Amino acid sequence: MKEARLHITEGMRRFLDYPRFAGPTRLLILETQYFFDASWRRAAESLGWAVASVPSAMVGDLPIEHVRTLFTTLGEFKPDFILTSNYAGMDQEGLFSRFFEDARIPYVSWFTDTPRMILYDRKLYTSHYAVAATWEKAYTQHFRDLGFEHVFHMPLATDPALFSGPPAHRFDRPVGFVGAPMIKEASEAWDILRHLPDVQAAIRKTLDEGRATRTNFTEGVRALLEARYLDGRTTSELRNIELCFIYEATRRQREAMVQLLEPLNIEVRGDETWRRIARNAGGAVGYFDDLPKYYRDTAVNLNTTSLQMEYAVNQRVFDCPAAGGFLLTDAQPDLAEFFDPKTEVATYESVEELPDAVAHYLEHPKERLEIILRAQRRITAHHTHAHRLQSLETYLKERYAG
C-alpha cells in the first residue's frame, strides 16, 4: 500500500531549501504537556540559540489551525531541527514524519519512557532525518529494529532555573519520598486485562517469583511471559500487559520501601492513596514550585528506579542535589557515568539495606552536606539541559550540517 504523504509545493520547497546549521542553531519545539518544553527553551536561549515553538498534541488529533501554524513557522523560522518528547505531536499514520523527511528537516524525539509504550512495533516513523534520542541505552536495539538509522543516547538532566539553591541546615522531616504510590495506576492496569485472567495470573506469578527484572524487562514482555500467554494478542493487549508489569512492579517496590522505613517516620507525598499504606502521608508536591524546597527541607530524600530502566537514572538523581537536597538512591549502572560513586552520590544495593543506610546518613549530617555540594558542582558543570542540547547539537551537525 502506498504511503500517504503531504505534498510539498515548489514554493514551499524554495522556503525549505536552506542550509542546516549554517549559523547559530535554530530550534523548533513541538509543545505538548511535557515539563521539558519550557526547560528546553531556557537551555537553548542560554546557549545563544534562536528558539520557536508551536502548539502540538500529546494524544488525539491536532487542530487544523495548529497544523497551519506548524507549516507557517517552518517556512518563516527555518529551523535547523525539530524537538519533541516521546514522539508527542506525531500522528499515528506517520504523515508528519514523512513530511519532515521530504522537507529534509531533522526531527528529534527524546524518549524518556519505554518506546514500546509509544511506538510499540510500528515502523512508520523512520527516515534518514528521524533521530530517536533515548534516556535509556538499553532500548537502542529496539529503535534499530524499528528502522531508526540515528539513535542518540541522551540522559536526563536538570533545569537550574527550577532546581538550585544552597543546602539547608534545619529540616522539616527526617526522611521523605515524593512520587505516586501507583495504586490507582496498577488497579486500572489490572482492570484493563480482566478479560485475560490467565495472563493476569501469569503476571502475578512472574512478579511474585522475582523474575521481572530491569534487565529482562527492556527485552520485552516475551522475556517475562511464556509465548502461550502472548501469541495472538493485539498490539494494544501487549502494550497493556507491559504497562501492568511497570505499574504493579513500581507499586510493590514503593510499598516495600515505605513499610521498611515506617519506624524512621518516613513522609510520603503524592496522591491520596498513600494513606492506605503509610502513616505519614500528604498530598502532591508541585514540580515547578514546591518540589525544590521540599528536597532541601528533607534530611534524606529517597529514590527508587522504575522497572523500565535497566541502566539509566531518573530525574530525581539530578533535580534533588541541584536543589540542595540529599538523595539516597538505588545503585543504577549509569550512576558512575554522571557522578563519582564514592564522593558525589549515596546509594543502596537492595531495599533491605535502606533502614541502616538511612539511619547512617541521618546520624552524619556533615557527610550529607559534602555529598550535596560535590554533586551540585558536578551537575552545574555537566548535567543541565543546556549540556544535553549541546551534545545533541554536535551529533546533529555531524550528520546534517550544510
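Modeller: A residue is called buried when its relative accessible area is under 20%, exposed when that value is over 50%, and partly exposed in between, with a 1.4 Å probe and protein chains only. The model is a predicted one, in which local features need pLDDT of at least 70 and side-chain atom pairs count only at pLDDT 80 or more, while totals for chains, interfaces and linings use all residues. Residues are numbered from 1 along each chain as its sequence is written, and side-chain values rest on heavy atoms, with hydrogens and water left out. Helices (H or I, at least four residues) and strands (E, at least two) are DSSP runs, numbered from the N terminus.

Two strands are said to pair if DSSP finds at least two bridges between them.

Five of its six residues are buried, so strand 7 is largely enclosed by the rest of the structure. Three bridges link strand 7 in the parallel sense to strand 8 (residues 267–269), and there Phe-177 has Val-268 as its bridge partner. Strand 7 also pairs with strand 10, again in the parallel sense and over three bridges; Gly-176 stands opposite Asn-301 of strand 10. Strand 10 (residues 298–303) is in turn joined by three bridges to strand 11 (residues 327–330), with which it runs parallel. In that pairing, Asn-303 faces Thr-329 of strand 11.

Contact means heavy atoms within 4.5 Å.

Although it is not a glycine, Met-182 has a positive phi of about 65 degrees. With 16% relative accessibility, Met-182 counts as buried. Met-182 is also touched by Thr-250, which touches Ser-306 as well, not counting residues up to four places away in sequence. Thr-250 belongs to helix 9 (residues 235–261) and is buried, its relative accessible area being 4%.

The loop between helix 8 (214–217) and helix 9 contains Thr-218. Thr-218 counts as buried at 8% relative accessibility. Apart from neighbours within four places in sequence, Thr-218 is in contact with Arg-116, Ala-138, Tyr-139, Gln-308 and Glu-310.

Arg-374 is partly exposed, with a relative accessible area of 28%. Its contacts, leaving aside neighbours within four places in sequence, are Thr-343 and Glu-344. Arg-374 and Pro-321 are 53 residues apart in sequence and 9.1 Å apart in space, C-alpha to C-alpha.

The axes of helix 3 (residues 64–77) and helix 4 (residues 95–103) come within 13 Å and cross at roughly 15 degrees. That makes helix 3 roughly parallel to helix 4, a term for angles under 35 degrees, whereas those over 145 are roughly antiparallel, 65 to 115 roughly perpendicular and the rest oblique. From helix 3, Val-67, Leu-70, Phe-71 and Leu-74 meet Phe-96, Phe-99 and Phe-100 of helix 4. The residues of this contact comprise seven nonpolar, no polar and no charged. Here Ala, Val, Leu, Ile, Met, Phe, Trp, Tyr, Cys and Pro count as nonpolar, Asp, Glu, Lys and Arg as charged, and the others, Gly among them, as polar.

Helix 4 has Phe-96, Ser-97, Arg-98, Phe-99, Phe-100 and Ala-103 buried. These buried residues pack against helix 1 (10–16), helix 3, strand 3 (81–85) and strand 4 (107–111). Arg-104 follows helix 4 and has a positive phi, near 60 degrees.

Terms used:
Axes fitted to C-alpha atoms, helices over the stretch in contact; angles between N-to-C directions.
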